[in-house]
Amino acid sequence: MSITVKGKIERKGLGPGTWALVGEDGETYELKDAPSELKKDGLKVGVKGIVRKDVMTFAMIGPVLEVQSFDVL
């Protein structure tokens, strides 16, 4: 099931580092295979994607969000 999350992109320095989306509601999503256009710390975006419950990561900072599309706000 697809969800849409509005928030801010953050670079998290855990382990080798990862890109995250911190939603307006405070929830942090780890971005799976984030496009290079999203890899900008502080960027405000709306991201449509699928929460992947079948994926585990080293960072374990929150649900893994597989990006389907996004808009810069």
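Residues are numbered from 1 along each chain as its sequence is written. In this predicted model, local features need pLDDT of at least 70 and side-chain atom pairs count only at pLDDT 80 or more, while totals for chains, interfaces and linings use all residues; side-chain values use heavy atoms, leaving out hydrogens and water.

**Exercise 1. The barrel**

Find the order in which the strands close into a barrel, and describe how β2 pairs with β1 and with β3.

Solution. 
Step 1: Strands here are DSSP runs of E with at least two residues, numbered from the N terminus. Two of them pair if DSSP finds at least two bridges between them.
Step 2: Follow the barrel around: 5 strands close it in the order β1-β2-β3-β5-β4, with mixed pairing.
Step 3: β1 (residues 2-12) is antiparallel to β2, with 6 bridges, and here K12 has T18 as its bridge partner.
Step 4: On to β3: β2 pairs with it over 3 bridges, also in the antiparallel sense, and L21 stands opposite Y29.
Step 5: β4 and β5 run antiparallel too, joined by 8 bridges; look for G46 opposite D71.

**Exercise 2. Strand β2 and T18**

Decide whether β2 is enclosed or open, then explore the surroundings of T18.

Solution. 
Step 1: Buried means under 20% relative accessible area, exposed over 50%, and partly exposed in between (1.4 Å probe, protein chains only).
Step 2: 6 of the 6 residues of β2 are buried, so this strand is largely enclosed by the rest of the structure.
Step 3: Check both faces: T18, A20 and V22 are buried on one side, and W19, L21 and G23 on the other.
Step 4: T18 has 10% relative accessibility, which is why it counts as buried.
Step 5: With contact meaning heavy atoms within 4.5 Å, and residues up to four places away in sequence left out, T18 touches E10, R11, K12, E30, A59 and I61.

**Exercise 3. Positive phi**

Which phi values do D33 and M60 have, and are these residues buried or exposed?

Solution. 
Step 1: Recall that most residues other than glycine have a negative phi.
Step 2: D33, in the loop between β3 (28-32) and β4 (44-52), has a positive phi near 50°. Its relative accessibility is 61%, so D33 counts as exposed.
Step 3: M60 lies in the loop between β4 and β5 (64-72), with a positive phi near 45°. M60 counts as exposed because its relative accessibility is 62%.

Terms used: Helices (H or I, at least four residues) and strands (E, at least two) are DSSP runs, numbered from the N terminus.
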